[in-house]
Amino acid sequence: MSEFSRLLLVARTDFSYFFRTKWLMAVLISLSLSDMLVTALVMGRMISPEYFSFLVPGIVTVGLFTAATDTGRRIWLALREGVVQYYMTLPIRTSGLVVAYIISGGLGGVVYSSALLIIASFAVHPHNILNAILLLPFMFVLATGIAGLAAFFASISRRGEIYWVYAQALQVTLVTISTIFYSAQTISRYLPGPIATIADYNPLSLAATALRDSVFSGELLNTTLLSNLLATSLPLAALGALAYWVILRTLRLRGKP
Amino acid sequence: MFAVETLSLSKRYGKTDALRELNFTVDEGEIMVILGPNGSGKTTLLMILCTILKPTSGTAKVMGIDVVEEGTKVREVMGIAFQEARGFWRHKPSSILRFHASMFDIDSMKRQDLIEQTMKDLELWESRDKKFMHLSGGQAKRLETAKVLVQRPKLAIFDEPTSQVDLRGKRKIWDKIRELRDQGSTVIVATNEVREAEYLADRVTILHQGHLVVRDSIPKLKDAIAGGDVVEVGFEGPVTDNLVAELKGLGGALALSPEGNELRAKVSRAEDWVPKMTSASYNLGAKISSIKITEPSLDDVFIHFTGKALIDQQ
């Protein structure tokens with residue numbers, strides 16, 4: 001077996017671990033679905049039915065974020081349960097282990113958000129399913145970026161609850177300063193210019209906009225938007241990979257993270 | 001070529017020296033038991049050999065491969081059963097073993113049979129559908145051993161393989177470790193359990209406070225203790241001064257304590273002294289009714305070489 005095959009095997013095992021936490025999955029899915037239902041029943045009547053169509057791609061993106069963030073929880077657990085030390089005895093380089101975790105986070109995000117997208121398509125008719133398929137690699141890169149951020153926070157958290165604090169703070173920040181729940185016009189009307197710009201270039205905003213425009217509105221894929229999505233996601237993946245690599249190196253030197 | 005060779009190997013955690021200038025070798029195809037109390041540096045040495053830890057200074061080679069320079073290659077030929085069982089909490093034992101076997105290229109045609117047989121041998125088959133987190137301490141420990149048995153590496157390392165395992169389970173694990181050696185693997189076992197060391201060791205290395213104190217086969221280590229063998233001889237009549245003087249003249253006995261019809265002797269090598277003693281007694285007409293020989297234990301060996309008891313050190 002080549003080292004690359006071993007890397008994929010580690011990624012697959014970690015990926016499967018995400019779906020083994022059935023209670024966590026149940027909570028995640030119920031939260032995502034309740035977001036959609038509450039929006040459909042309440043917000044749709046209070047604001048307008050179009051708001052529901054606007055929000056559904058946002059909820060799919062948040063689902064991707066939540067699933068990819070779970071990578072951090074798994075990394076933290078692996079450090080606590082000693083699985084990391086076990087991995088370090090396998091014939092695979094440290095960098096390979098890091099990449100495996102990031103890939104697994106990417107897969108988790110894409111698979112989970114794709115499932116939400118399929119559920120959402122019963123409520124909001126997608127205009128272009130082919131575009132949804134073409135978007136998958138870009139969503140995967142975004143998910144690896146989020147997984148990277150989660151890996152970074154898991155690496156610097158000494159205790160599990162600290163990791164959750166970081167993860168929640170990240171979610172609040174990234175979701176608030178974004179165009180997931182509100183349009184760019186609304187954001188620029190109420191928030192200062194620099195923050196509105198950050199919201200525009202927030203990778204979650206870019207993903208939600210790509211889903212809205214290309215999948216649910218049937219427009220052509222916007223290459224500039226997709227380039228921006230890659231350009232903002234890849235550094236996050238690199239940051240997380242570096243942080244996780246540093247923690248493994250520290251483990252080799254000090255015997256503990 | 002040695003299966004394992006370290007040169008001036010040191011590991012320091014902050015201000016604590018876990019290993020100090022360790023020169024250590026293991027021959028191919030032997031079971032080397034590393035004996036020492038907790039904190040003696042056993043686990044640190046094993047962690048360096050399996051590339052989890054980087055030494056502070058010195059070198060370590062496994063099958064001639066440097067553990068720092070070529071860690072991935074070392075990991076291809078080495079397998080370790082950790083002191084604390086490591087597993088994915090929500091995975092089942094069979095899937096943990098399948099993953100491990102896949103990582104080490106165990107033939108996919110033979111993999112399932114090998115896993116099933118190993119699980120049956122270690123009495124894990126009944127627990128195959130339990131999640132790792134629901135296994136008892138002993139079961140988790142046996143699963144840890146099973147990983148290495150399925151892998152059959154060139155160098156197999158077991159860190160306290162039978163802690164938390166019941167007596168019957170211990171014997172099974174020991175037999176499987178010996179079987180692994182008989183199949184060609186080199187084995188290192190770290191333990192602080194004397195019985196385990198006596199059962200398994202081709203040679204023993206005693207580590208104490210990060211130093212290698214002594215390394216040899218168990219009989220030679222025991223023989224190295226002057227007066228370590230205790231011989232209790234029963235005679236049909238009282239032990240005479242004449243007999244004691246004659247036995248003193250034989251040499252080899254550090255102390256002779258006659259009391260009534262019995263004589264207690266402390267000798268270095270009972271197998272050499274007893275024939276001479278029986279011959280001398282016969283010549284003097286002293287009839288022997290019983291002979292009892294007690295060898296020193298490995299704990300005695302440890303006390304002899306370190307000045308401290310192995311058990312007191314825990």
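In this predicted model, strands β3 (residues 31–35) and β8 (residues 186–191) of chain B pair in the parallel sense over five bridges. Two strands are taken to pair if DSSP finds at least two bridges between them. Strands (E, at least two residues) are DSSP runs, numbered from the N terminus.

β3(B) is mostly covered, with five of its five residues buried. A residue counts as buried if 20 or more other C-beta atoms lie within 10 Å of its own, with C-beta atoms placed from the backbone. B:I31, B:V33 and B:L35 point one way from β3(B). B:M32 and B:I34 point the other way. Both sets are buried.

Chain B also contains an open sheet of four strands, in the order β2-β1-β4-β5. Its pairing is antiparallel. The edge strands are β2 (16–26) and β5 (65–66), each of which pairs on one side only. Strand β1 (residues 4–13) of chain B joins β2(B) in the antiparallel sense over seven bridges. B:K11 stands opposite B:L19 of β2(B).

Residues are numbered from 1 along each chain as its sequence is written, while chains are lettered from A and ligands numbered from 1 in the order in which they are written. As the model is predicted, local features need pLDDT of at least 70 and side-chain atom pairs count only at pLDDT 80 or more, whereas totals for chains, interfaces and linings use all residues.

Notes:
A residue is buried if 20 or more other C-beta atoms lie within 10 Å of its own, exposed if 12 or fewer, and partly exposed in between; C-beta atoms are placed from the backbone.
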